[in-house]
Amino acid sequence: MLDNLGNLQRTHSCGTLRVHDVGTTVTLMGWVSRRRDFGELTFIDLRDRDGITQVVLNSEDAPEAHAKAKEVRGEYVIAVTGEVTLRDESQRNAKLETGEVEVHARELLILNDARTLPFQLESATTDALASEDLRLKYRYLDLRRPQLQANLRLRHRVLREIRRYMDEQGFTEIETPILIKSTPEGARDYIVPSRVQPGKFFALPQSPQLFKQLCMIAGMDKYFQIARCFRDEDLRADRQPEFTQLDVEMSFATLDQIYSVTEGLFARVFKLIGVELPLPFPRFSFAEAMRRWGSDKPDLRIEGMELQDLSVELQQTNFAPYVSALAAGGEVKGIVVRGGAGLSRKALDDLQEFAKRYGVTGLAWIKLGDETTSSLLKALGEESVARLASTAGAQEGDAVLIVAGKTKPVAASLGALRNEVARREKLIPANVYAPLWVTEFPMFEYHEDDDRYYAMHHPFTSPLDEDLPLLERAVEGGETELLGRLRTKAYDPVINGVELASGSIRIHRRDVQRMVFKALGMTTEEARSRFGFFLDALEFGTPPHGGIAPGIERLLMVLLSTENIRDVMAFPKTASATDLMIDAPGEVDPKQLEELHLKIVDKK
């Protein structure tokens, strides 16, 4: 028989009792984490979100409660009332914050029973946990794990601190619509059919971008929002189809003002975990970041291993792969791994396969040990290999990893290799946070697949003032090759190799916005159809403005040192955008489709 709670109230949570509570009578409620039966004595570890308290039931002092304790199993929900006592010194548990005390219960209520769980909540290591798919199917059980509960409570504290900070800085929190117009440019929209307007669709916002700019046109001056956003894109460990971002916009903002507000925000949030971020963040242009680290989100915790250009040294080589790469306008670059001469042949082969994922055909290496060994000795000879190692800045005991090809794959492969080698060789220091800004991103990037330019950030990003003439020449003068040279007032803050936000000064002039749309291949009619309301708004006195949008989940991933975004969300989806718990997405009733004037077409 289950008991009723009645008017009984908790006096304490299971993680709060300490020595100073000894002698007081308390009522605790929670889940049975573990029960240990010793005949006349029964011990129960009682758990709630705040921790665990050991409860003791004695058949002599409380026979009825002790008899009930024999019935409980793991994850039963119970309430106990009893006196807090000091544990014997030999029985104290230093691993628990409540480990110096226990509750000698005189009353016990069984409020609910529980089936055997499909997996164990406790495990010695993360690797020993049940499969992630099984835990996602029973996410409400997985969330009972103390680590996930701590993650979500930190998320709450982060959001609370963000709101406090933004309010102190004079920002107004404004909610923007969830049902908006589809304006595809970049990631795919999630679309929502309209029942009352057959054949027409809403879209879920990828971000509140246009609405926050409209707030600036409306004179709101400083806007922010904790915004839910949706993107129908292929997922990775740090992406989900729905996510949360802090959306920020400021009128009359300079780059330095936005940097200052953002750095202050991150500094406040990182204090929640006891970390003082170094201020101000160093700033590097996109071009410099790619040249030095092969990445627009470099991890500055890794010392050295900057990209070394070996192209000049190899201009006279007869080695076919390098000859063809340089003749095609490509590059030959390398990184120096300090102490890397000890890398095994298997490790180097593994790194070669890793590099190939990023579009290069192979990885060459030089090891400077007691004698120099290299995969290039036969092709280049000892003297050329020695010069190559010297040009790269390698010393005895080091290794040089070299790739050749087009500029983008070379940078991408070496940037990824830098991170991978540092991870494998344990070259990344723990408990270090290295922030930076990456600035002056290219305005457009060219895609060979469809022979056109796309906006690298979004089409509302302002070019640098000095590059405006290039935009006009490219669009109005037909010099389209100049589009690849345009730089923007865009900026990304990066901490420990994770891009935490993306922001920019926006275009506030209608003539410039029209040129950008035209550069992206939009006709006047197409631009009018997609963004007519916004182009109209730009005619009514738009102030210069800019903003930024830190991703809440990515921020938490850095704060918690996890690489899995699902660790910082309550109810995440799988890599295939599936919710295993509620079995979504799912089919809908044919009547619903009929109401929406939709029909499922079998492509077969």
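Trainee: What should I know before I start?

Mentor: Residues are numbered from 1 along each chain as its sequence is written. As the model is predicted, local features need pLDDT of at least 70 and side-chain atom pairs count only at pLDDT 80 or more, while totals for chains, interfaces and linings use all residues; side-chain values use heavy atoms, without hydrogens and water.

Trainee: In what order do the five strands of the open sheet run?

Mentor: Strands are DSSP runs of E with at least two residues, helices are runs of H or I with at least four, and both are numbered from the N terminus. Two strands pair if DSSP finds at least two bridges between them. Here the order is S12-S13-S16-S14-S15, with antiparallel pairing. S12 (308-309) and S15 (372-374) are the edge strands; each has a single partner, so one side of each lacks a neighbour in the sheet.

Trainee: Which residue of S13 is the bridge partner of Gln308?

Mentor: That is Gly334. S12 and S13 (residues 331-337) pair over two bridges.

Trainee: Is Ser311 buried or exposed?

Mentor: Buried means under 20% relative accessible area, exposed over 50%, and partly exposed in between (1.4 Å probe, protein chains only). Ser311, in the loop between S12 and helix H8 (320-327), is buried at 10%.

Trainee: What does the side chain of Ser311 make a polar contact with?

Mentor: A polar contact is a pair of N or O atoms within 3.5 Å; within protein, one must be able to donate a hydrogen and the other to accept it, and residues adjacent in sequence count only if both atoms are side-chain atoms. For Ser311, the partner is the side chain of Asp309, at 2.8 Å.
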